[in-house]
Amino acid sequence: YGNGTKAMLVADEVGLGKTIVAKGVIAQAIKERIAEDKRKPFKVTYICSNQAIAHENITKLNLFPGKQALREAINRIAFLAVEPEETEQKGAKRFLQLNFLPPATSFTIKSSTGTKRERAIIYSLLYQDPEIGRYPTGLACLLKGMVRQEISQYRSWLQQERKGNPLREGLQEKFIMQLKKESVSRQDYFDYEPGRERISLYDAVYGYASTLRANNEKDFRSKCNELTKRMRRILINECLSYVEADLYILDEFQRFRGLIDVNSEEEQAIIARKVFASPKSKILLLSATPFKAYTSYDEVDRGEDHYRDFRLVLEFLLQKDEKTLAKYDEHRQGLYRQLLALRKGDFDLSSQHRNALQEILRSVMCRTERVSVSEEAETMIEDMSKDQLLKMTQGDIENFVATDEIVLKLNKVLEK
């Protein structure tokens with residue numbers, strides 16, 4: 001990372017300590033921040049599809065287990081709209097802040113009205129508007145979703161959420177501005193009116209909030225849900241700027257590879273690109289799953305392509321650096337031609353292409369193999385005591401002799 005690299009891949013085999021490597025990266029970063037007298041904590045966002053593994057590993061990543069470093073898991077990006085609580089004591093330094101994002105719920109908006117809590121956040125944003133906020137009952141009807149509570153009870157709950165969870169400063173203004181910018185077909189929500197084919201999403205929300213009541217909300221439920229989906233999408237897009245991390249750790253990323261597809265126009269890839277866009281943030285990919293050297297015909301029939309998958313990862317690691325990718329392709333093809341032209345007993349090959357490929361790959365990835373494939377069994381072990389002779393005292397020898405005599409006498413007893 002010190003050379004300007006944004007993303008790195010640690011591809012060590014299972015059990016060789018990828019999480020420990022990540023912990024070392026965090027420790028080094030904190031050490032540098034302390035040396036530079038930086039006050040803000042080093043922020044780490046851990047992304048993993050398995051919540052049980054995530055809880056275990058994020059605990060391992062906490063360099064300060066006796067202090068509060070782990071924030072409550074934010075499993076929806078919309079929840080970042082709430083102003084985060086300060087957990088440390090006033091004046092105390094906080095060196096690390098850990099957060100967890102599950103990819104399934106954080107990077108896919110989907111076509112839904114969201115959770116009850118997400119809609120409560122939308123309610124809070126709309127309630128602050130001087131025009132729409134005059135209709136709290138209408139808002140509760142609009143944002144009811146699949147809730148089965150009575151409207152009066154649901155509205156009371158929404159008010160409690162609004163008072164107990166203050167939102168980030170400036171978010172309400174940005175949210176309302178986007179509602180006014182986005183347009184919808186008027187005919188989709190209201191009776192046809194000549195000359196007004198399209199209206200702002202804000203006007204549509206205002207129209208429904210001022211009209212809905214407990215006795216008519218069921219008649220407009222489908223349209224209400226459509227409006228809620230649109231508002232939820234805007235909320236999530238506005239909250240993406242709050243996913244601020246100095247380091248993103250993507251553990252076993254191949255289970256959610258859509259996040260790293262730099263060419264994809266799928267929703268999760270677009271959201272991920274926005275999240276990772278900060279020039280100051282770094283990305284660490286962890287995976288023990290190797291890529292196969294070739295793709296069989298059966299795998300092709302199943303739609304698999306191992307080189308395509310590897311290329312996708314490489315483009316992400318190199319951040320689509322076209323110059324480096326072109327150099328990689330050139331030397332890869334050159335090495336491939338060398339291998340095709342190889343004849344029995346012919347070992348006089350130029351290492352130019354191989355060395356060039358290694359230089360590119362090693363700049364963004366590393367892999368440690370188990371000792372079974374190494375010539376030396378102690379490859380992964382550094383014996384710190386081999387040059388230090390064991391010091392023995394007279395007492396050590398006397399204790400050994402006494403212990404040995406006890407064992408011999410016990411053996412005689414057992415023989416009888």
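Here are a few friendly questions and answers about a predicted model.

Residues are numbered from 1 along each chain as its sequence is written. In this predicted model, local features need pLDDT of at least 70 and side-chain atom pairs count only at pLDDT 80 or more, while totals for chains, interfaces and linings use all residues, and side-chain values use heavy atoms, leaving out hydrogens and water.

Reader: How many salt bridges does a search of the whole structure find?
Author: Good place to start! A salt bridge here is a side-chain nitrogen of Lys or Arg within 4 Å of a carboxyl oxygen of Asp or Glu. With that rule, the search of the whole structure gives 16.

Reader: Asp309 meets Arg257 in a salt bridge; how far apart are N and O?
Author: The side chains of Asp309 and Arg257 are the two partners. Asp309 sits in helix H12 (residues 306-317) and Arg257 in the loop between strand E6 (247-251) and helix H10 (267-275), so the pair links distant parts of the chain, 52 residues apart. Helices (H or I, at least four residues) and strands (E, at least two) are DSSP runs, numbered from the N terminus. From N to O, the distance is 3.0 Å.

Reader: Does Asp309 count as buried or exposed?
Author: Buried means under 20% relative accessible area, exposed over 50%, and partly exposed in between (1.4 Å probe, protein chains only). Asp309 has 16% relative accessibility, so Asp309 counts as buried.

Reader: Which residue forms a salt bridge with Arg311?
Author: Both partners lie in helix H12, four residues apart, about one turn of the helix. The closest N and O atoms are 3.3 Å apart, and the partner of Arg311 is Glu315.
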